[in-house]
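Reader: I'd like to go through the aromatic contacts here, with the reasoning spelled out. Can you take me through them?

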Amino acid sequence: MQSTLYGPEHLALQDSLKKFIESEINPFVDEWEKAEIFPAHELFRKMGRLGFLGVHKPAEFGGMGLDYSYAAAFAEALTHIRCGGIPMAIGVQTDMATPALAKRGNDDVRKEFLEPSITGEYVACLGVSEVGAGSDVASIRTVARKDGGDYLIDGGKMWTTNGTQADWICLLANTSSEGSAHRNKTLICVPMKAKGVSVAKKLKKAGMNSSDTAQLHFDSVRVPQRYRIGEEGMGFVYQMEQFQEERLWAGAGWTKSKLIIQETVDYLRERKAFGKPLLDNQYIHYKLAELQTEVEAVGALFQKAVALYVAGNDVTQLASMVKLKGARVAREVADWCVQFWGGMGYIEETRVNRFWRDTRLGSIGGGADEVMMGIIAKTMGIMPRHG
């Protein structure tokens with residue numbers, strides 16, 4: 001599908017990123033997957049020098065200052081990386097930990113945390129989920145209480161991508177015990193080297209292996225209140241806004257499903273069974289045609305959502321639909337392609353197997369499928385809103 005959303009400048013950005021991926025990332029992916037970590041500072045500095053980490057960020061803080069369609073084109077091109085973990089880590093830096101800061105932070109806090117994140121000097125992470133509060137953001141228990149001009153932070157965060165390497169965390173914490181759970185939270189920039197911040201452990205995952213994921217503890221961590229993003233008590237609202245870009249970013253993964261289908265077609269054309277290529281089978285023809293149709297439908301939904309977002313619309317419903325449908329289609333593509341690859345599909349080193357393992361997270365992380373359906377139902381007016 002040729003996008004009507006992208007012009008020559010978008011395609012040039014994608015071409016530059018694909019060249020960078022082929023020279024600076026893909027040759028090392030297998031090594032980083034085995035190590036279950038990649039050198040984030042080294043890679044992000046290289047990307048920062050080329051402007052890749054600030055496509056949609058303000059020019060006054062080192063970004064390109066382009067509209068969100070360029071960020072979408074960038075996210076699509078990331079799918080050419082031969083794993084899911086590294087694109088996810090980059091996405092945390094560009095589309096998950098920094099949108100609220102870029103939009104709502106004052107100039108001083110943006111200078112201190114956003115600018116070095118755009119240049120790649122700082123690695124960022126996002127602190128929302130907790131052991132007892134994953135998709136249910138309103139129920140987080142981490143607390144930031146005022147002490148003079150500072151906050152004292154106590155609590156913990158779970159499933160924190162980039163958590164073992166990050167220089168700062170965009171942290172959501174309760175700053176009041178009164179009022180609605182949707183109006184008592186604040187987003188705060190917290191340096192990871194601050195006294196009382198600790199990595200409890202690095203988590204071993206079933207997929208996304210090259211991305212480091214941490215459980216974090218905060219024990220009386222003191223940070224100045226000026227590190228707050230926007231208004232106190234508005235953190236939940238800002239995080240919901242931030243989730244729009246995170247979920248749109250996830251939808252860009254439709255192009256990865258398309259690549260895996262094509263790779264499967266190429267494999268089946270060469271692989272012979274019972275004296276003929278496996279591709280010479282009507283059942284396989286129909287199933288691949290069905291999968292391709294589903295993938296293209298996700299792509300069209302993604303591009304519609306991006307176009308509306310660029311035009312200034314609230315795309316909460318569409319972003320949730322993109323994430324829901326995109327993740328489910330990716331899982332279906334992965335499962336069928338592993339089946340068609342047969343025994344080779346069950347070998348860990350093959351790209352289709354890695355896609356199978358990495359893809360499962362899509363229906364869990366960033367809001368589970370059930371949460372997406374709840375959001376969609378609320379925006380349809382068929383489910384009561386709370387808070």
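Predicted model: local features only at pLDDT ≥ 70, side-chain atom pairs only at ≥ 80, totals over all residues.

Reader: What makes the pair of Y68 and Y309 edge-to-face?

Author: Planes over 60 degrees apart count as edge-to-face. The planes of Y68 and Y309 are at 90°, with the ring centres 5.1 Å apart, so the pair is edge-to-face. Y68 sits in helix α4 (residues 68–77) and Y309 in helix α10 (residues 282–310), so this contact ties together parts that are 241 residues apart in sequence. Both Y68 and Y309 are buried, too.

Reader: Why is the pair of Y267 and W341 called stacked?

Author: Here the cut-off is planes under 30 degrees apart. The rings of Y267 and W341 have their planes at 5° and their centres 4.0 Å apart, so they are stacked. That pair also links distant parts of the chain, with Y267 in helix α9 (residues 254–270) and W341 in helix α11 (residues 316–341), 74 residues apart.

Reader: And how do you know that Y267 counts as buried?

Author: Buried means under 20% relative accessible area. Y267 has 18% relative accessibility, so Y267 counts as buried. W341 has a relative accessible area of 11%, so W341 is buried as well.

Reader: Which residue lies over the face of F243?

Author: That's R247, at 4.3 Å from the ring centre; the distance cut-off for a charge over a ring is 6 Å.

Terms used:
Residues numbered from 1 in each chain as written. Heavy atoms only, no water. Phe/Tyr/Trp six-rings, centres within 6.5 Å; stacked < 30°, edge-to-face > 60°. Helix = DSSP H or I, 4+ residues; strand = E, 2+ residues; numbered from the N terminus. Buried < 20%, exposed > 50% of the residue type's maximum accessible area, 1.4 Å probe, protein only. Lys NZ or Arg CZ within 6 Å of the ring centre and 35° of its normal.
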